[in-house]
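Here is a quick tour for someone meeting this structure for the first time. Take a look at the sequence and the model, then read on.

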Amino acid sequence: MVGSDENHPGVIRPLHSQGVLHAGMGHNRRVLGTINQNTMRAAPHPCPVNKKGPLAENYGLFNRIAPPVPTNRPITRKFAAQITGKQQQPLPEETKKLAPPVQVPIESEDVSIIDVDEYKAASDSPVPMFVQHTEAMLNEIDRMDEDEMEDIPEKPVSDIDSADKKNPLAVVEYIDDLYAYYKRVESSSCVSPNYMAQQSDLNEKMRGILIDWLIEVHYKFELMDETLYLTVNLIDRFLAVQPVVRKKLQLVGVTAMLLSCKYEEVSVPVVEDLILISDKTYSRIEVLQMEKLMVNTLQFNLSVPTPYVFMRRFLKAAQTDKKLELLSFFIIELCLVEYEMLEFRPSLLAAAAVFTAQCSLGGSKQWSQTNERHTNYSKDQLLECSRRMVTFHQKAGIGKLTGVHRKYSSSKFGYAARSEPANFLLEDII
């Protein structure tokens, strides 16, 4: 129990009665709910509990009592330091004998509570421990606020489909699900980057010559972009499982383009036109027989996500202009000719082509959070592939395989081949 010390007014001191309130406090009794509004729990330090007296059982007592605090004034850092700077009177000896329960009743409703866990005289500790703990806590809160502000992205992810919500052909409602499906199944359209080792009469240089020639044929026939990428995919998938002699390699390429045109184009070139561009090396019967063999070998699976499928989406995410778009396609078509690029998935090739084109035009590593969100590739994941693309860009007009360079050196394709390669990406290699 607690009471008021007559010799020291304002100081709360415990009373050693067993269940009987002090006579001078009888008229100040209040209900339990009112008393609990002016109490505060002490820190849960292990200590013996005084089980004597009903008041101690109900509320508990501090083993050390805070000094009197002026009323009607909140406790702040500065005010708490002023309070503790004053010399404190030692507490009566009998207060040390009481056990430390968890609460203390307060007689005045306006008195603020200072929860003191370990109190020392001002001469020993100029700033009491509870003030230090409070300041540390407030500083930590301030630091957390600063960290949260730093986590806020400077440029949030843009809604690239907002302008197409009224366009039914854009299928905005499920476009993200569609490309998530493409990412899951793209591995089925990939081949082993070492499949040419299974061909006894072919090598990767022959493959490069064939595709470089088909790019020119595709350009002269003015076919759709989708047709070119599907043609290359069908050739690689067929050669990965079917042995072909050298003199039939061009037939494989012509037939793959015929199948791709039937799948993608509205107006399909006739077989005689493809025979004519092959310098009449093959007959109509040979073309149709190869067509039958190819579709059966591939089990009629022509619906595969090629790099072009991802290029359209990633260019939209990059919010590109026509110059950047043409340069991106120039770079990725250079990769179609290169056998070594088969080790990269179509989605990675497309993302790296856009990234490399941005670096070439911007002169720095540009890859926004919107790009990363829609491609699911970070800048670091693209660097290896992008560096190879830079080397292909550097030598695009050199050597025998210059079909892509000639195509993109025309005004129709914005002279994209004349753009400077992003050489600084190669300088980062240690």
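## Two helices side by side

α8 and α13 are roughly parallel to each other, a label used for angles under 35 degrees, with over 145 counting as roughly antiparallel, 65 to 115 as roughly perpendicular and the rest as oblique. The two helices, α8 and α13, pack at an angle of about 20°, and their axes are 11 Å apart. Axes here are lines fitted to C-alpha atoms, for helices over the stretch in contact, and the angles run from 0 to 180 degrees between N-to-C directions.

Who does the touching? On the α8 side there are L228, Y229 and V232, and on the α13 side F329, I332, E333 and L336. Contact means heavy atoms within 4.5 Å. Sorted by type, the residues of this α8 and α13 contact come to 6 nonpolar, no polar and 1 charged. For that sorting, Ala, Val, Leu, Ile, Met, Phe, Trp, Tyr, Cys and Pro are nonpolar, Asp, Glu, Lys and Arg are charged, and the others, Gly among them, are polar.

## What you are looking at

This is a predicted model, where local features need pLDDT of at least 70 and side-chain atom pairs count only at pLDDT 80 or more, while totals for chains, interfaces and linings use all residues. Residues are numbered from 1 along each chain as its sequence is written, and side-chain values use heavy atoms, with hydrogens and water left out.

The protein chain has 18 helices and 2 strands; these are DSSP runs numbered from the N terminus, with helices being H or I of at least four residues and strands E of at least two. Of its 430 residues, 42% count as buried. Buried means under 20% relative accessible area, exposed means over 50%, and partly exposed is in between (1.4 Å probe, protein chains only). Among contacts in the protein chain with a separation of 6 or more, 77% come from residues 24 or more positions apart.

## The cores

Which residues have the most contacts inside the largest nonpolar core? They are F330 and M389, in a core of 53 residues. A nonpolar core is a set of buried Ala, Val, Leu, Ile, Met, Phe, Trp, Tyr and Cys residues joined through side-chain atoms within 4.5 Å. The elements giving two or more residues to this core are α6 (175–185), α7 (204–220), α8 (225–239), α12 (307–317), α13 (322–337), α14 (346–362) and α16 (379–394). Of these, α13 gives the most, with 11 residues. Apart from this core lies another, of 38 residues, including I235, V271, V287 and V295.

Back to M389: leaving out residues up to four places away in sequence, M389 touches I331, C335, M341, L349, A352, A353 and T356. In soluble globular proteins, nonpolar side chains tend to be buried together.

The axes of α13 and α16 come within 9 Å and cross at roughly 90°, so α13 is roughly perpendicular to α16. L327, F330, I331, L334 and C335 of α13 meet M389, F392 and H393 of α16. That contact holds 7 nonpolar residues, 1 polar and no charged.

For α7 and α9 (residues 249–264), the axes come within 10 Å and cross at roughly 40°, which makes α7 oblique to α9. This time the crossing, α7 past α9, is right-handed. M206, L210, W213, L214, V217 and H218 in α7 meet L249, Q250, G253, V254 and M257 in α9. The tally for this contact of α7 with α9 is 8 nonpolar, 3 polar and no charged.

## Stops in the loops

W367 lies in the loop between α14 and α15 (369–375), and is buried at a relative accessible area of 11%. Not counting residues up to four places away in sequence, the residues W367 touches include A351, F355, Y377 and L382.

V171, in the loop between α5 (129–151) and α6, counts as buried at 18% relative accessibility. Q299, in the loop between α11 (284–297) and α12, is exposed, with a relative accessible area of 66%.

Notes: Left-handed = near helix turned anticlockwise from the far one by under 90°.
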